[in-house]
Amino acid sequence: MTDYIVRATAANSQIRALAATTCDMVEYARMAHGTSPVATAALGRLLTAGAMMGAMMKGRNDILTLQIKGDGPIGKITVTADSNANVKGYVDNPKVLIPANGKGKLDVSGAIGAGMLNVIKDLGMKEPYVGQTVLQTGEIAEDLTYYFATSEQIPSSVGLGVLMNRDNTVRRAGGFLLQLMPFTDEEVIVKLEKKLGELKPVTQMLDEGNTPKQILELLLGDLGVEINETVPTCFFCNCSKEKMEKALISVGKKDIWEMIEDGESIEMNCHFCNSHYIFTIEELRQIERRSSNV
Ligand code: ZN
């Protein structure tokens with residue numbers, strides 16, 4: 001089963017909604033980065049949000065970056081998505097282990113700590129759009145809801161969830177994102193708030209076998225939900241040996257000479273997907289010839 005996002009509207013287009021299943025994406029991230037359960041949950045939630053927010057962008061080359069910078073043991077969490085819902089991400093300390101929270105659940109909030117959420121949208125303008133808000137709970141979904149309300153002035157509701165198997169592989173992952181248009185009727189808002197108040201956690205809905213479409217129906221069924229589109233989403237990193245080479249060339253002849261003189265091949269890692277790229281001495285010599293005299 002591959003991951004996908006369902007797009008819908010409800011209440012005569014007064015509500016815009018997305019729901020996603022992202023189990024494969026989050027399991028891929030877990031394997032690539034060797035994340036602990038709490039890091040899998042934190043990264044998985046942000047990847048899921050990134051996928052949905054990426055899919056909301058209009059331009060083909062638009063790029064979204066979500067960054068959570070807290071003072072907790074997980075360090076920074078970074079996720080990047082494009083408008084085709086290709087998403088990648090990493091956490092600074094993937095092995096972080098902390099005790100469960102008071103409810104016996106993975107303590108994502110404790111791992112993240114207090115800090116900021118940054119939302120950077122590169123929409124092909126001169127300057128990227130940058131929104132920054134203070135983390136409200138560190139549970140990520142609430143932090144994004146707060147971001148939309150304060151930074152984009154769009155009343156929204158975000159639900160995100162990652163559920164693990166006993167062996168710490170990813171069992172379920174997904175989420176939803178609802179946004180109200182400026183002209184939404186009070187009656188619709190009241191109905192929706194009631195629904196949201198009664199809604200089961202995302203992980204529970206997914207684990208009960210609900211698809212993204214069924215989650216949207218549970219949420220918006222009696223508000224006249226119209227399913228518009230299904231789009232695939234996945235963990236995808238566009239790194240390559242060629243790009244790593246370009247990065248090497250940019251460090252300049254002098255530093256490359258030092259690497260050559262050390263006499264050992266070097267390894268470069270991609271932060272986003274943890275791919276390793278080895279450059280032998282012979283390759284370094286070739287790169288040195290093409291680099292500038294910085
Ligand atoms: Zn990569």
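Strand 3 and strand 4 form a hairpin with five residues between them, and Gly75 in that turn has a positive phi of about 75 degrees. Helices (H or I, at least four residues) and strands (E, at least two) are DSSP runs that are numbered from the N terminus, and two strands pair if DSSP finds at least two bridges between them. This is a predicted model, in which local features need pLDDT of at least 70 and side-chain atom pairs count only at pLDDT 80 or more, while totals for chains, interfaces and linings use all residues. Residues are numbered from 1 along each chain as its sequence is written, and side-chain values use heavy atoms, with hydrogens and water left out.

**Hairpins around strand 4**

- Strand 3 covers residues 63–70, and seven bridges join it to strand 4 in an antiparallel arrangement; within this pairing, Ile68 has Ile77 of strand 4 as its bridge partner.
- On to strand 5, strand 4 forms another hairpin, with three residues between the two strands, and Ala85 in the turn has a positive phi of about 65 degrees.
- Five bridges join strand 4 to strand 5, and these two strands run antiparallel; here Ile77 stands opposite Val91 in strand 5.
- Strand 4 (residues 76–82) is mostly covered, since six of its seven residues are buried, where buried means under 20% relative accessible area, exposed means over 50%, and partly exposed lies in between (1.4 Å probe, protein chains only).

- The strands belong to an open sheet of six, with the order 7-6-3-4-5-11 and mixed pairing.
- Strand 7 (129–134) and strand 11 (234–235) stand at the edges with a single partner strand each, so one side of each is left without a neighbour in the sheet.
- Strand 5 (residues 86–91) and strand 11 run parallel and are joined by two bridges, and the partner of Val87 in strand 11 is Phe235.
- As a general point, the strands of a sheet pair through backbone hydrogen bonds, either parallel or antiparallel.

**Helix 1 and its surroundings**

- Eight of the 11 residues of helix 1 (residues 23–33) are buried, so this helix is largely enclosed by the rest of the structure.
- The buried residues of helix 1 include Cys23, Met25, Val26 and Glu27, and the buried residues of this helix pack against strand 2 (15–21), helix 2 (37–55), strand 5, strand 8 (156–164), strand 9 (170–180) and strand 11.
- Gly34 follows helix 1 and has a positive phi, near 60 degrees.

**Two loop residues with a positive phi**

- Most residues other than glycine have a negative phi.
- Asn12, which is not a glycine, has a positive phi near 50 degrees; this residue lies in the loop between strand 1 (4–10) and strand 2, and at 70% relative accessibility Asn12 counts as exposed.
- Ile140 is also not a glycine and has a positive phi of about 80 degrees; this residue lies in the loop between strand 7 and helix 4 (141–150), and Ile140 is buried, with a relative accessible area of 1%.

**Val162 in strand 8**

- Val162 is found in strand 8 and is buried, with a relative accessible area of 9%.
- Leaving aside neighbours within four places in sequence, Val162 is in contact with several residues, among them Val26, Thr40, Ala41 and Thr203, where contact means heavy atoms within 4.5 Å.
- The C-alpha atoms of Val162 and Phe176, which are 14 residues apart along the chain, are separated by 12 Å.

**The whole protein**

- The secondary structure of the protein comes to 10 helices and 13 strands, and 51% of the 294 residues count as buried.
- A compact globule of 294 residues would have a radius of gyration near 19 Å, and the 21 Å of the protein agrees with this; the radius is taken over C-alpha atoms, and the globule rule is 2.2 Å times the number of residues to the power 0.38.
- Along its principal axes, the C-alpha trace spans about 70 × 45 × 35 Å.
- Among contacts between residues at least 6 apart in sequence, 63% join residues at least 24 apart.
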